[in-house]
Structure formats: structure tokens, C-alpha cells
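Grab a pencil and have a go at these exercises before peeking at the solutions. Each one starts with a task and then works through it step by step.

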Amino acid sequence: MIRHIVFFSARRKEDVEAVRDGLMVLGKIPHSSLFEVTLNTKVDPLSDAIDVVVYAEFEDDAALAAYKAHPLYAETTSRVKPLRELRYSADVVAA
């Protein structure tokens with residue numbers, strides 16, 4: 001299983017919900033076994049730069065590649081990219 005975790009910050013605080021709403025569209029792509037978009041609670045003062053977190057699980061590399069190749073992925077990127085400042089992504093194999 002591949003865990004796909006992406007962290008986003010909005011350019012402007014008033015755009016945080018728009019970033020979240022835009023990323024929620026990715027949940028319509030059928031290749032993940034679990035998909036979540038959540039706001040960072042910012043409880044840890046060292047992580048307050050991150051506003052939105054995407055967490056998804058994929059059966060294998062092929063499912064993750066199919067997800068990234070889906071037209072909604074490119075559409076979402078076009079919508080969210082102008083609103084975001086930071087984007088950090090990690091894909092890890094679950095033990």
C-alpha cells in the first residue's frame with residue numbers, strides 16, 4: 001500500500017477554505033482506497049505554516065499513477081495552484 005500525503009499552505013488566509021474545497025474534488029477520482037482532505041489543527045506551533053492536508057491510500061504504484069493521470073487531477077491543480085504558497089508531498093510504502 002502507498003500512503004500519499006500532501007501538505008498545502010494558502011497564499012492568503014482567506015483562501016484556505018477555497019484550497020480545501022478545490023482539493024476535495026480529488027476524492028472523486030476512483031483509484032484510492034481512502035481519501036481525506038483536512039484542515040491542519042495547528043496545535044503544534046512548529047507546523048503552523050501548513051493549512052490543508054491531503055491523505056490518500058493506494059493499493060500500489062499503478063493505482064497512484066492512475067490517480068495522477070486522471071483529468072480531475074490536472075483540473076484540480078489548475079484551480080488550486082494559484083491559491084497556494086507551499087506544497088510538500090510524500091509517497092511512502094506502508095509497512
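Predicted model: local features only at pLDDT ≥ 70, side-chain atom pairs only at ≥ 80, totals over all residues.

Residues are numbered from 1 along each chain as its sequence is written, and side-chain values use heavy atoms, with hydrogens and water left out.

**Exercise 1. Work out the strand order of the sheet and find its edges.**

Step one: get the elements. Helices (H or I, at least four residues) and strands (E, at least two) are DSSP runs, numbered from the N terminus. Two strands pair if DSSP finds at least two bridges between them.

Step two: line them up. The four strands make an open sheet, ordered β2-β3-β1-β4, with antiparallel pairing.

Step three: check the ends. β2 (34-39) and β4 (84-93) each have a single partner strand, so one side of each lacks a neighbour in the sheet. On average, neighbouring strands are turned by 10° against each other, direction ignored. (Axes are lines fitted to C-alpha atoms, for helices over the stretch in contact, and angles run from 0 to 180 degrees between N-to-C directions.)

**Exercise 2. Sort the side chains of β3 by direction and decide: buried or exposed?**

Step one: recall that side chains in a regular strand alternate between the two faces of the sheet.

Step two: V52, V54, A56 and F58 point one way, while V53, Y55 and E57 point the other.

Step three: seven of the seven residues of β3 are buried (under 20% relative accessible area; exposed is over 50%, partly exposed in between; 1.4 Å probe, protein chains only).

**Exercise 3. Describe how α1 packs against α3.**

Step one: the axes of α1 and α3 (residues 71-80) come within 9 Å and cross at roughly 175°. That makes the two helices roughly antiparallel (over 145 degrees; under 35 is roughly parallel, 65 to 115 roughly perpendicular, the rest oblique).

Step two: V19, D21, G22 and L23 in α1 are in contact (heavy atoms within 4.5 Å) with T76, R79 and V80 in α3.
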